[in-house]
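Try each task yourself before you read the solution.

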Amino acid sequence: MAFGKYTRGDGRRSSASYCSTATLVVFVALCLVGVWMMTSSSLVPGQSINFPNQESRTVDTKLSLKQPVTENDSRQFEDNPGDLPEDATKGDGDTNTAQDESNSDVREKTNQSDQTTENNVKDDQKEKPEESENKNAESEEASKTDTEKDGDVKTEGGESKGGDGESNSEGGETKTEGGGIKTEQEESSESSDEKKIDSTENNKPETTERSGETKQEDKVEETTENKDDDQAKNHASNEVFPDGAESEILKESTTQNGAFSTQAVESKNEKEAQQKDQKEQGGYSWKLCNVTAGPDYIPCLDNWDAIKHLHSTKHYEHRERHCPKEAPTCLVPLPQGYKSPIKWPTSREKIWYYNVPHTKLAEVKGHQNWVKVTGEYLTFPGGGTQFKHGAVRYIDFIQESVPDIAWGKRSRVILDVGCGVASFGGFLFDKDVLTMSFAPKDEHEAQVQFALERGIPAISAVMGTLRLPFPGRVFDVVHCARCRVPWHIEGGKLLLELNRVLRPGGYFVWSATPVYQKLPEDVGIWDAMKALTKSMCWKLITIKKDKVNKVGAAIYQKPTSNECYERRSQNEPPLCQDSDDPNAAWNVPLQACMHKIPVDTSERGSQWPDQWPARLNKPPYWLKSSQVGVYGKAAPDDFTSDYDHWKRVVTKSYLNGMGISWSSVRNVMDMRAVYGGFAAALRDLNVWVMNVVSINSPDTLPIIYERGLFGMYHDWCESFSTYPRSYDLLHADHLFSMIKKRCNLLAAITEVDRILRPEGKLIIRDDVETIGEVENMVRAMHWEIRLTYSKDKEGLLCVQKSFWRPTEIQTIMSAIA
C-alpha cells in the first residue's frame, strides 16, 4: 500500500488561531510553553517535531531516510534464490551478471525496509547540517563491515566467489571475509539494519533507549511498528549463525516479534526439511530382508513357496529357478563379522571365514582337500574329489592325455559341470583358460559361494529340466570330475544338453568312478555311457589313469561333420528338427535330440576359432557385411568400432579417471555386454568378466564366446543366479533405461546391491533421467558418489557400495522355509 507525505506542523502557529486578543495570545502561549516543556519527549501521531541533538541512541532505532515512500516494492514477496537448493540455479547466466543482480536485490530490499520504517514512524524530517558532519564516524561504530552496506560481499581475494572459485550468488550464498556463509536473504536483512542505523545517525530523533522507557505515544505506534519490523526480519529466521565480530548484528536480525510466523518462513522451513530428508533418504525407504537363507539369499532359488508346490523333484526341479511374482526390494543382510575380501591371487588359497561362515563342506570334504577351516580363514589346498593332490597336477595330466587340447591356445573357454569349490577353474587361469563353473545350491553348502569369494567364476545352476543359459556350440571343452550327473538316463537327455553347448570338434573330459572302478554300479553306468556316446557319434579319444591322484579320465571329441549321423542304423538319439534353434536357451525345456553340425563355411560352428589371443580382436568369420550390427553399421565394422570405443573409454577414463583401485577388483560383470568390447579392453588386467546378454537384447552372446570370452543370458527383471556379494565391479551401459520400460527399476537396483560386494563399484552409462533416478536410490543406501558427468542428455555415474544396512525388517513370506 502507498503512504502519503506528511507536512510539517507547528503547534505554536496552529494554536494562535484560537484567540483574537493579545492578552489571550500571551496567556495561551505561556500555557503551551509549559505543557511543551513537560511533555517534550512525546510524539503525537500525525505530528513531526524537531528535537535537539542528543548523544544517547539505540542500535535498533527505526526512522526514515530523507526520501519519502511513494510505492511499495512488490519484490519483497517474490521467491529468493536462497530458498532453493544450490543446483536449482547453478549455471544460469553469467556469473558477473548474477552477482550484480544479487547486489541490486540487496540494495532494493534495503531501501524497501527503510521506506517501510519511515511510514511506520511517520517522520520525514530533514537531515541537519551538524548531524550530517558526524554521520560517517558514528555509522562506522554501529556497523561491522562496509561491504555489507554496499551490498557487495567479497572473499579474502577481493572477489565474490564460491568455494570453487566461481561466483556463488546464483545459489544464494556468498563467502565473507570473516569466514561465514550468508544467504541473499540474510545479506538483505543485515543491510537493512545497517541502513536503519545510518538513518538514526542522520536524523537523531530519539531521546533515550526505547528498551528503558515506554511512552503513551510509543504504545500507539507499537503495533504498526512491530508488524513491519517482523516483515523486515523474518527472512533471517533460519540463517547460518557465524561467530566473530558479526554475531551481535546477526543475533538481533534473527529475533522475530509477534506470536505468528509468516507464510514465507513456514514454506522455507518446510522446503529445507524436505530437501534434507530427500538428501538423507533419497526418497526411498529401505528395509532388511527377513528370509530363511539369511545373508545367502538368492530370490529365484530360495522361493520356498514355489518349491513346496512342485509336483515332483525327480529331475531336480527344486534346484531350478523359481522366481517370485514380484522381485524383492529389500536388502540382504551381511554376515556377522564380514570383511573386505582378500585380494587375488592370495584369495585362491584362502578367504575370510566370516565372509562365508559355513563348515559343513569342510567337514564332509576336508579329507579330499576341497576346503579346510584354519583359524579365521577357510583354506583351499587346490584339491577336489578327483584330484586330491592338487588341481595343477590334474590339469597337466589332461593335456598329457590329449595334447591337442592345448590349454590357453586352442582351448580357451570351458564349462565345468558340478564344479565344487571351482579349484579346477581357479588354476586354469594360469593356463590362460576361462572356466564357466556351475553347481546347484544343494547340500554341498555354499560351494559356488566359496568359488566366487576366492575370485573364481561360478554360477548356481543344475542339470535339470531346462536348457543351460548359454548359446549352442560355444564351449571348447566341457569337463565333469565326478559330477554325479546321471548322464545315461532318459535317452541321454542331460548329456545331449552338453552336446548342444559343445563346439564341433570340442572335447568332453569325464573323470568319474565308472571310468576306472569295477564296482557293479560303476560297470553298469560305464556300459550305458559307452553305448550312448557311440550313438551320439562322440569319438573316445583316450582312457587314461592318473597314477598320482589314482583316478582315470575318459576324453571324448564331438564330430565336425554330419557323416556319422547319416550312417547310423537307428536314428537314436534323434536329430532335432530344423526349426529347433540351438541358441534358444532361456526357460526352454530339454529335449533328447541332437542338432546337426553346420557345414556351410560361412556358418558359425563350421570352423574352429583362431587360437587365443588372436581370436579376441578379430571379427568372427561368420559375421557378414550384409548384416546390420547393433549400432547400425555393417556387422564386422560394428564389432571393430565397439572394440575401439571400449579400448578408448577404459584406457582414458575407467583406468585413470574414476579413482578405482583396479588391484582390488577381481570379479567383474558387464550387465549389458553387446559384443564384449568392455571385457576385451580389460584383457591385460588381472580380472575376469561375466558378460550378460539380456533376453530382450540382440543375441550377440555367440560373438562373445567366439572371441574367447564368456557369459550367459539373463532377464534383469529377475534375480541373477549367484550368491550375494559376488562381484567387485558392475558395469551397465544403457541397461537401466531399458529395464524400467519392462519392470521395476527399484527391484533391479536392489539386485545390484545384492550381488555387489561392500566397497564394490557400479559404473553406469545412461540417459540423464535414468542416471538421476539411480543416483537417488543409491544415495538412500548411503553409497558414495565417486563421479558424475553429463553431456547432451547422456550421463556417466560411478558409485561405491557401503557397508550400511537398514534396521527396519521386511519378511519375504515366499522365502520362509
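**Exercise 1. Find how many cavities of 30 Å³ or more the whole structure has, and say what lines the largest.**

Before you start: this is a predicted model, where local features need pLDDT of at least 70, side-chain atom pairs count only at pLDDT 80 or more, and totals for chains, interfaces and linings use all residues. Residues are numbered from 1 along each chain as its sequence is written, and side-chain values use heavy atoms, with hydrogens and water left out.

Step 1. Searching the whole structure turns up 9 cavities of 30 Å³ or more. A cavity here is a set of points, on a 1 Å grid over the protein atoms alone, where a 1.4 Å probe fits but cannot get out.

Step 2. The largest cavity holds about 290 Å³ of space, the volume being what probe spheres set on the points fill.

Step 3. Its lining (residues with an atom within 4 Å of a point) counts 21 residues, and R321, A461, R467, P469 and S721 are the closest to the centre. Strands β9 (458–460) and β16 (711–714) each give the lining at least two residues; strands are DSSP E runs of at least two residues, helices H or I runs of at least four, numbered from the N terminus.

**Exercise 2. Classify the ring pairs W538–Y556 and W646–F678.**

Step 1. Rings of Phe, Tyr and Trp (its six-membered ring) pair if their centres lie within 6.5 Å; planes under 30 degrees apart are stacked, over 60 edge-to-face, the rest tilted. The whole structure has 26 aromatic pairs.

Step 2. W538 and Y556 have ring centres 6.2 Å apart and planes at 45°, so call this pair tilted. W538 sits in the loop between α19 (520–535) and β12 (539–546), Y556 in strand β13 (residues 551–557), 18 residues apart. Both W538 and Y556 are buried, meaning under 20% relative accessible area (1.4 Å probe, protein chains only).

Step 3. W646 and F678 are 6.0 Å centre to centre with 70° between the planes, which is edge-to-face. W646 belongs to helix α22 (residues 635–654) and F678 to helix α23 (residues 677–681), so the pair ties together parts 32 residues apart in sequence. W646 and F678 are buried too.

**Exercise 3. Which residues have the most contacts inside the largest nonpolar core?**

Step 1. A nonpolar core joins buried Ala, Val, Leu, Ile, Met, Phe, Trp, Tyr and Cys residues through side-chain atoms within 4.5 Å.

Step 2. The largest core has 119 residues, with L415, W487, F508 and F736 making the most contacts inside it.

Notes. Buried means under 20% relative accessible area, exposed over 50%, partly exposed in between (1.4 Å probe, protein chains only). On a 1 Å grid over the protein atoms alone, a cavity is a set of points where a 1.4 Å probe fits but cannot get out, and a pocket is an open set with protein on both sides within 12 Å along at least five of seven lines; lining residues have an atom within 4 Å of a point.
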